[in-house]
Amino acid sequence: MSVTPTQTLIVWALLARHGHASQADLVPAVKKADREALAAQGLVAVEKRGRSFVLTVTDKGWHWASGHMREPLPPGHRAFQDWLERTEQYIARTGATLADFIGPAPELAAPEAAPKLQAKRASKTSTATRPPGPRQLRARIEVAYLTLTGGARAQGVRLSQLRAELADIDRATLDAGLARILKGDRSAILSQLSDPKALTPAEREAAYSPAGEPFHLIWIQS
């Protein structure tokens, strides 16, 4: 069985979500070729829901992952590689299984807890702090970027993912931060998706479009 480093990372990204997630929620973005290769090898089951795909690690995938925790990952993921090795050692030392370590997916909150949750959110909204200043916003953007890339730089991150990661910042404020990057940030740039097939409604909606020219990706170099 031949599994590329990128495909290995996709399996681990799914397992980090208890083995089941929408493709749109996974980082790095899952390419069609990798999705189909994992499905063909029986490691991942693919279900089409509307315009999106839902990926689930199969029993074969769980078994493969438990025996390949030192499988190479793409460059830029050394920290995660080291954590997998520590996890493998822990499992071997304790006699646990990978499924034991990951545990079951969390249950949804009980219906009666919903009013309390809504009250807590309302309270948090009412006491919200002022929008971040330019420097603080630039720092928040970079932290979110590095979170999405696993600490790597010089990689394209979709603005749809960035907006989701910074969901507490309103669109106008975040757009102002993107505008400052576009006007002369030497360490970051915005670019467009060149593949028309990648321009989903979600990507179009998340685009930053000054003067009608859409940008879909952010790159932070240093």
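In which loop is alanine 211 found? Alanine 211 lies in the loop between helix H10 (201-206) and strand E6 (217-220); helices (H or I, at least four residues) and strands (E, at least two) are DSSP runs, numbered from the N terminus. The structure is a predicted model, in which local features need pLDDT of at least 70, side-chain atom pairs count only at pLDDT 80 or more, and totals for chains, interfaces and linings use all residues. Residues are numbered from 1 along each chain as its sequence is written, and side-chain values use heavy atoms, with hydrogens and water left out.

**Loops and backbone**

Most residues other than glycine have a negative phi, and most peptide bonds are trans.

A cis peptide bond, with omega of about 5 degrees, joins valine 27 and proline 28. Proline 28 belongs to the loop between strand E1 (20-22) and helix H2 (32-40).

Glutamine 23 also lies in the loop between E1 and H2. It counts as buried because its relative accessibility is 16%. Leaving aside neighbours within four places in sequence, glutamine 23 is in contact (heavy atoms within 4.5 Å) with Val30, Arg35, Phe53 and Leu55. Its side chain makes a polar contact with the side chain of arginine 35, at 3.0 Å. A polar contact is a pair of N or O atoms within 3.5 Å; within protein, one must be able to donate a hydrogen and the other to accept it, and residues adjacent in sequence count only if both atoms are side-chain atoms. Arginine 35 also lies over the face of phenylalanine 53, at 3.8 Å from the ring centre; the rule requires NZ of Lys or CZ of Arg within 6 Å of the ring centre and within 35 degrees of the ring normal.

**The nonpolar cores**

In soluble globular proteins, nonpolar side chains tend to be buried together. A nonpolar core here is a set of buried Ala, Val, Leu, Ile, Met, Phe, Trp, Tyr and Cys residues joined through side-chain atoms within 4.5 Å. The largest has 24 residues, of which Trp12, Leu14, Leu15, Leu26, Leu38, Ala65 and Leu98 touch the most other members. At least two residues of this core come from each of helix H1 (5-15), strand E3 (52-57), helix H3 (59-66), helix H4 (78-94) and helix H5 (98-102). H1 gives the largest share, seven residues.

In H3, Gly61, Trp64 and Ala65 are buried. Seen down the axis of H3, these residues fall within an arc of 95 degrees, so they line one face of the helix; the arc is that of the directions from the helix axis to the C-beta atoms. Asp59 and His63, on the other side of H3, are exposed. The cover over the buried residues of H3 includes H1, E3 and H5. Beyond its neighbours within four places in sequence, alanine 65 is in contact with Val11, Trp12, Leu15 and Leu98.

A second, separate core of 20 residues includes Leu174, Ala179, Ile181 and Ile220. Isoleucine 181 is placed in helix H9 (residues 171-182) and is buried, with a relative accessible area of 3%. Its contacts, neighbours within four places in sequence left aside, are Arg138, Ile141, Ala188, Ile189, Leu190 and Ile218. Isoleucine 181 and isoleucine 218 are 37 residues apart in sequence and 9.3 Å apart in space, C-alpha to C-alpha.

Methods
Buried < 20%, exposed > 50% of the residue type's maximum accessible area, 1.4 Å probe, protein only.
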